[in-house]
Amino acid sequence: MLCACSGEQFKFEEPPQSPESLATRDFSASGLSSRTTGDWDLGSKFDDIQVDEAESTLKEALSLNYEEARALLGRLEFQRGNFDAALQVFQGIDIRNLTPRMAKAIVERIRHRKPRVKGDSYVMLNVMSLHSVSLLTEAILLKARSLGELGRFREAAKECKVILDTVELALPNGMPEEIGEDCKLQEMFHKALELLPILWTKAGYLEEAITAYRRALIKPWNLDPERLAGVQKSLACTLLYSGVEASLPPQLQVWGPTTPKNNTEEAILLLLILMKKVALNQIKWDSEVMDHLSYALSVIGQFELLANHFEQALPGLYGRAERWYLLALCYSACGQNEEALNLLKKVAGCSEAKNKPHFLSFLLGAKLCSLDTVHAHEGIEFSRKAIDLVSDQCEHFMGQAHKFLGVCYSGAARASISDSERTVFQRESLNSLNHAALNGKGDPEVMFSLGLENAVQRNLDAAFSYTMKYSDMVAGSSGHGWKLLALVVSAEQRFNDAEAIVDFALDEAGRRDQLELLRLKAVLQIAQEHPKQAIETYRMLLASVQAQRNSKAKNFEQGRTFDPEAILERNLEKEAWRDLAAIYTKLSLWPDAEICINKAKLIEFYSPQSWHTTGTLFEAQSKHKEALISFSVSLSIEPDYVPSIVSTAEVLMKLGTGSLPIARSFLMNALRLEPTNHEAWLNLGMLSKMEGSLQQAAEFFQAAYELRLSAPVQSFV
């Protein structure tokens, strides 16, 4: 041993009586017994292959050679945890000169491992045995691990790469199955395949790590299914989270147009392969694979595909409530809120009453219901269940539950037809939102909701204060925060200040918010009686929408099926054409107004707003019957559309005193739906004046005047 450590060639002065090199010891460990007497007795129970190996090894090295001694001593030092000592021992092995011999030995030994006729034996001179190769391969691997333990990851990766280069040089088409499990070479090589990308990652060379992972996967190296799945999963994670774009090299782009174009697509392909293996019971279920797939599909907007995989998960992997919750998340992300709510109602239904309540499902249900006043009452129930389940110590979830409760109360108030009920809901809304502000002091959305609710209730000072707090909390980066602030200022009839706020917000907001702000700016210019400026602003808005549409058409890629930005642009384009039609109507430019209305109808024909604008155009031309028909079409599409209800009453009032009772019923219905509509109060005052009720008319005019003074240029909600 001392001779081995000193770097001298270890040899016996005289041939020993019982020579046993390290290679023969490896044979003993795998089934070959070496006799320590002068004769070697190899029993007939060993097959011809092992006999050839034993004969070749014994003739090649009847003594403990230098490299084997170093490999053995280095292994012992490594097992003891003496990594410095092990590294010093391994550095004495001349790897560069050994690797050609090792590659030659792998080629020759595997070539002759086929069964032969009994008695047909031969000896391969100057060729190492596979077990000697395995021993030296292990030495290189342990040297790389020692360097890794010492923090020298780059050097460790280079040493580990030597193993892959050597084996791949000998076996360019992969590891043959004939090599068998009795040889340690395959096991050492598999460990090197797994270790190399880890070392490159720790060294900070992520592109080399990705290359190493791909190298382990492109050829058949006889990895068992679980091991192969581990490499595929690790590569997918590196592709997703490394932040380095490593496109496939040309020699791997063999799928034509279906070749992954970027890291995310390649990672998704690997994860889908793993999910298929799980479905076929080829590998065990791994929840992390599903987590990574969820992230990857969410990044590219393929939420429906993600939902399919949650549905295909084998029974028992997810509980019913958890599966419904995950599916609801997917459906809500792709804009199918109704489907998501139906699933969440199952969680809250009788079938799950005996099971543990699923808090997150109730919270998600409350959030989805807060987005639509139709489901406001269901949202109140979801929120109350969530509040009952959340612990007092969890201030964040308590604040979120109260926030959604407050928003749902606000929606219920707007949908209520009873004044007393509406008042109760409005009070509960503010109480819940204030409670949420106490629990979630760092949540800017609570401040926004408080600002919005106070604005709806025409508490403009409080609305301005909360909106400014929200803007400070988000550092002025929220487009809808600027929009609410401008609307609150416009409700105070400060149109110049509101337009200045919008101009400032246009420089700070993103493209999606800029389009909404452009329309608000145009509406403010109309309120200031600057129609030419408003028309120019609408032109900019429509040009921006068209440019974005052309850009998407040129760079069309199959991707997300639900594009909220495209839907927003479509709605804004439709509203811009309607607003332009209203401007041209006021300017008595009937042909231009009609062209704009037709443009809006091309986008959505069955739109109550478009038909209402058509009726307004007819009314301006004194075509009362045609106007009444258009308003009727609008109300047939949406019976509770308040502007058409009020306009219908106006036309009926112009048709004569016989229609006044019907007009009154329309106006009362409008006020039932929207008590703060100043135009309804104004028309009700005019109707009362026509009927001779002057005192009542004066009260209605007073209400219309006061509401007009606090009316924004656009609806707050």
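In this predicted model, glutamate 378 and lysine 345 bring their side chains together in a salt bridge, with an N to O distance of 3.2 Å. Because glutamate 378 belongs to helix H18 (residues 376-389) and lysine 345 to helix H16 (residues 337-347), the pair ties together parts that are 33 residues apart in sequence. Glutamate 378 has a relative accessible area of 29% and is partly exposed. Lysine 345, at 33% relative accessibility, also counts as partly exposed. Elsewhere, salt bridges that share partners join Lys161, Asp165, Glu168, Arg215 and Lys219 into one network.

**Salt bridges of lysine 233**

The structure holds 29 salt bridges. One of them is formed by the side chains of lysine 233 and aspartate 286, at 2.8 Å from N to O. This pair links distant parts of the chain, 53 residues apart: lysine 233 is in helix H11 (residues 225-241), and aspartate 286 is in the loop between helix H12 (263-279) and H13. Lysine 233 also forms a salt bridge with glutamate 288, where the closest N and O atoms are 2.5 Å apart. Here the link runs between helix H13, which holds glutamate 288, and helix H11, which holds lysine 233, across 55 residues.

The burial of lysine 233 follows from its relative accessible area of 17%, because buried means under 20%.

| Glutamate 378 | Lysine 345 | 3.2 Å |

**Helix H13**

Helix H13 spans residues 287-299 and contains serine 294. Serine 294 is buried, with a relative accessible area of 15%. When its neighbours within four places in sequence are left aside, serine 294 is in contact with Leu306 and Phe310.

Valine 299 is also found in helix H13. With a relative accessibility of 42%, valine 299 counts as partly exposed. Valine 299 takes part in a nonpolar surface patch of about 350 Å², which is made by Tyr241, Tyr295, Val299 and Ile300.

**Helix H31**

Helix H31 covers residues 642-654, 13 residues in all, and reaches 19 Å from its first C-alpha to its last. That span is close to the 18 Å expected at 1.5 Å a residue. The helix is mostly covered, with 10 of its 13 residues buried. The buried positions are Val642, Ser644, Ile645, Val646, Ser647, Thr648, Ala649, Val651, Leu652 and Met653.

The cover over these buried residues includes four helices: H29 (608-620), H30 (624-637), H32 (660-673) and H33 (678-691). After H31 comes glycine 656, whose phi is positive, near 135 degrees.

Definitions and conventions:
Residues numbered from 1 in each chain as written. Predicted model: local features only at pLDDT ≥ 70, side-chain atom pairs only at ≥ 80, totals over all residues. Heavy atoms only, no water. Helix = DSSP H or I, 4+ residues; strand = E, 2+ residues; numbered from the N terminus. Expected span 1.5 Å × (residues − 1). Buried < 20%, exposed > 50% of the residue type's maximum accessible area, 1.4 Å probe, protein only. Contact = heavy atoms within 4.5 Å. Patch = residues over 30% accessible without salt bridge, like charges linked within 9 Å, V, L, I, M, F, W, Y side chains within 5 Å. Areas by Shrake-Rupley, 256 points an atom, 1.4 Å probe, with all protein chains shown as cover. Salt bridge = Lys/Arg side-chain N within 4 Å of Asp/Glu carboxyl O.
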